Amino acid sequence: MGTKGSSTQTSRVIISIVGLMAIAAYGLTAALQILVWNPLAAVPGATLDEIHEGLARRNESISLVAVLPWTSVGTLLALVVVLLTATRVISRLRTVVIVQLLILVLGAPMYFFASFSAGMALAEAFFISGGDYTPWGGLLGLLSAAALICTLMVVIFRGRPGMRTART
């Protein structure tokens with residue numbers, strides 16, 4: 001039989017793992033957007049190989065080595081949160097939620113840093129703008145903004161008497 005303490009510990013760990021999965025999905029989406037989806041949309045009708053050949057002809061490249069570290073930072077931070085939660089270093093559910101949400105908030109600037117050089121390479125090689133050509137980059141930004149709003153709500157409305165659910 002489990003105790004209430006182990007039940008809440010399990011809840012914290014599960015929430016931290018859910019946060020890890022959400023943040024990993026964000027990072028994966030960002031990497032695919034930068035490396036695959038955006039180049040294909042920016043140069044319609046060309047294959048990814050043709051795009052990389054065009055980049056190489058202009059001494060430009062979209063480097064996996066440059067993109068993956070930026071898009072992996074959040075996942076690594078979220079993994080640390082899971083480990084700290086599992087070892088009871090982080091002992092409050094509210095703290096787990098706030099930290100995971102803040103990592104999602106930081107996804108937008110990380111996406112910008114990761115995509116900037118790739119966008120510039122496409123712009124210089126194909127004489128186009130360096131912005132996003134698919135909606136996924138904007139969706140990632142909206143997700144980060146939503147995470148910021150959720151973080152503020154968790155911080156502002158913590159333990160307010162009017163925000164508690166009524167017991168029946």
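This is a predicted model: local features need pLDDT of at least 70, side-chain atom pairs count only at pLDDT 80 or more; totals for chains, interfaces and linings use all residues.
## Around Ile90

Ile90 touches Arg12, Val81, Leu84, Thr85, Thr95 and Val96, leaving out residues up to four places away in sequence; a contact here means heavy atoms within 4.5 Å. Ile90 sits in the loop between H3 and H4, where helices (H or I, at least four residues) and strands (E, at least two) are DSSP runs numbered from the N terminus. Its relative accessibility is 11%, so Ile90 counts as buried. On that scale, buried is under 20% relative accessible area, exposed is over 50%, and partly exposed is in between (1.4 Å probe, protein chains only).

Residues are numbered from 1 along each chain as its sequence is written, and side-chain values use heavy atoms, with hydrogens and water left out.

## The nonpolar core

The largest nonpolar core has 31 residues, and those with the most contacts inside it are Ile34, Val43, Ile51, Leu55, Ile62 and Leu122. Such a core is a set of buried Ala, Val, Leu, Ile, Met, Phe, Trp, Tyr and Cys residues joined through side-chain atoms within 4.5 Å. Helices H1 (4–42), H2 (48–57), H3 (64–86), H4 (93–105), H5 (107–126) and H6 (136–156) each put in at least two residues. H1 gives the largest share, eight residues.

Take Val43: beyond its neighbours up to four places away in sequence, Val43 touches Ile51, Leu122 and Phe126.

## H4 meets H5

How are H4 and H5 arranged? They pack at an angle of about 30°, with their axes 4 Å apart, and are therefore roughly parallel to each other. The contact is made by Ile103, Leu104 and Val105 of H4 with Gly107, Ala108 and Pro109 of H5. The axes are lines fitted to C-alpha atoms, for helices over the stretch in contact, and angles run from 0 to 180 degrees between N-to-C directions. Under 35 degrees is roughly parallel, over 145 roughly antiparallel, 65 to 115 roughly perpendicular, and the rest oblique.

Gln100 is also in H4, and at 5% relative accessibility Gln100 counts as buried. Setting aside neighbours within four places in sequence, Gln100 is in contact with Ser16, Gly19, Leu20, Ile23, Ala78 and Val81.

## H5 itself

H5 bends by about 35° at Ser115, the bend being the angle between axes fitted to the seven residues ending there and the seven starting there. The end C-alpha atoms of H5 are 28 Å apart, which agrees with the 28 Å that its 20 residues should span at 1.5 Å a residue; that expected span is 1.5 Å times one less than the number of residues. Buried residues in H5 include Tyr111, Ser115, Gly119 and Leu122.

## Positive phi and an exposed leucine

Most residues other than glycine have a negative phi. Here, Asn59 has a positive phi of about 55° although it is not a glycine. Asn59 is in the loop between H2 and H3 and, at 73% relative accessibility, counts as exposed. Arg88, in the loop between H3 and H4, has a positive phi near 65°. Just after H5, Phe127 takes a positive phi of about 55°.

Is Leu28 buried or exposed? Leu28 lies in helix H1 and counts as exposed, at 53% relative accessibility. The C-alpha atoms of Leu28 and Leu68 are separated by 9.1 Å, though the two are 40 residues apart along the chain.
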